[in-house]
Amino acid sequence: MRKYLIALLALATLVVCCKKKGIDSGNGSSTGSSEFSYMLKSDSVISVYSNSTYYLSFSLAVTKGVITANPVTCTLEGLPDNVRITPPKIVVGNLLGGLFQLDIGTLSYGDYPFYIVHQSDKYGTQKQKVILRITAPPDYAALLAGTYDSSYDFCPDSGFFNYTSVVSTVPDTAYLAKISNIRALGSDFVVRAWIQNTITIPVQTVKGRTIWGSGTYAQDARSGHGGDYVMSINDTIVTGADTLGCTIHIEH
């Protein structure tokens with residue numbers, strides 16, 4: 001009998017020990033939230049123009065665990081005051097990344113360091129450095145230079161004017177163009193225009209007429225016009241006591 005009791009006690013001890021070992025090792029559910037690691041990936045340098053919009057994307061590479069149980073909140077820190085950020089923060093989930101819209105105000109050319117700040121319960125607050133690089137945009141005046149033989153103006157009270165206009169650059173002055181023969185007023189009727197994201201004709205007097213206006217340009221979508229551009233400019237011309245507003249169409 002004494003040997004039988006000793007054998008039962010040894011068996012019970014073995015069962016208890018094995019059961020305790022099973023609880024400690026678990027099946028991932030009791031320690032899943034702590035088993036988490038990730039890496040944030042983004043460009044280290046972004047090059048943009050002043051007065052433009054940039055979409056900054058980033059991604060998270062999860063190397064261990066599940067992100068839905070370990071959300072990561074991302075914000076941007078250190079950008080100049082005239083850079084507007086939308087949205088102000090992103091909580092990363094199953095998409096494993098996000099996109100910030102940066103509306104860039106007027107900034108001087110150069111580098112502006114800032115940080116992508118990512119915060120999680122497990123790792124606290126971490127920062128990743130990024131350089132915002134403001135560069136000079138291309139010379140759009142040079143892009144639009146050429147002879148436009150199918151130009152026309154539309155004036156509500158006097159119909160259409162068809163003509164050929166020449167758009168040329170100004171040596172040593174980027175973004176400045178000369179546009180000739182507006183409204184068929186002659187090849188020597190030459191108007192200066194600043195061409196960047198839009199076209200601006202500042203107030204100026206040419207051959208006794210005062211003109212100003214603004215408009216846009218785009219690639220010509222018509223068949224057979226690959227590489228060509230079209231311009232549309234709302235302008236006003238004052239001649240003596242007469243004021244006339246028209247729309248200039250500069251086209252090939």
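**Basis.** I worked from a predicted model, in which local features need pLDDT of at least 70, side-chain atom pairs count only at pLDDT 80 or more, and totals for chains, interfaces and linings use all residues. Residues are numbered from 1 along each chain as its sequence is written, and side-chain values use heavy atoms, with hydrogens and water left out.

**Overview.** I noted 2 helices and 17 strands in the chain (DSSP runs numbered from the N terminus; helices are H or I, at least four residues, and strands E, at least two). Of the 252 residues, 34% are buried (under 20% relative accessible area; exposed is over 50%, partly exposed in between; 1.4 Å probe, protein chains only).

**Salt bridges.** I found 7 salt bridges in the structure (a side-chain nitrogen of Lys or Arg within 4 Å of a carboxyl oxygen of Asp or Glu).

I looked up Lys-127 and Glu-77, whose side chains form a salt bridge at 2.6 Å, N to O. Glu-77 is partly exposed at 33% relative accessible area.

Arg-133 and Asp-111 pair at 2.8 Å, N to O. Arg-133 lies in strand E9 and Asp-111 in strand E8 (residues 110–120), so the bridge ties together parts 22 residues apart in sequence. I recorded Asp-111 as partly exposed, at 42% relative accessibility.

For Lys-207 and Asp-188, the closest N and O atoms are 3.1 Å apart. Both residues lie in loops, so this pair ties together parts 19 residues apart in sequence. Asp-188 counts as exposed at 51%, whereas Lys-207 is partly exposed at 47%.
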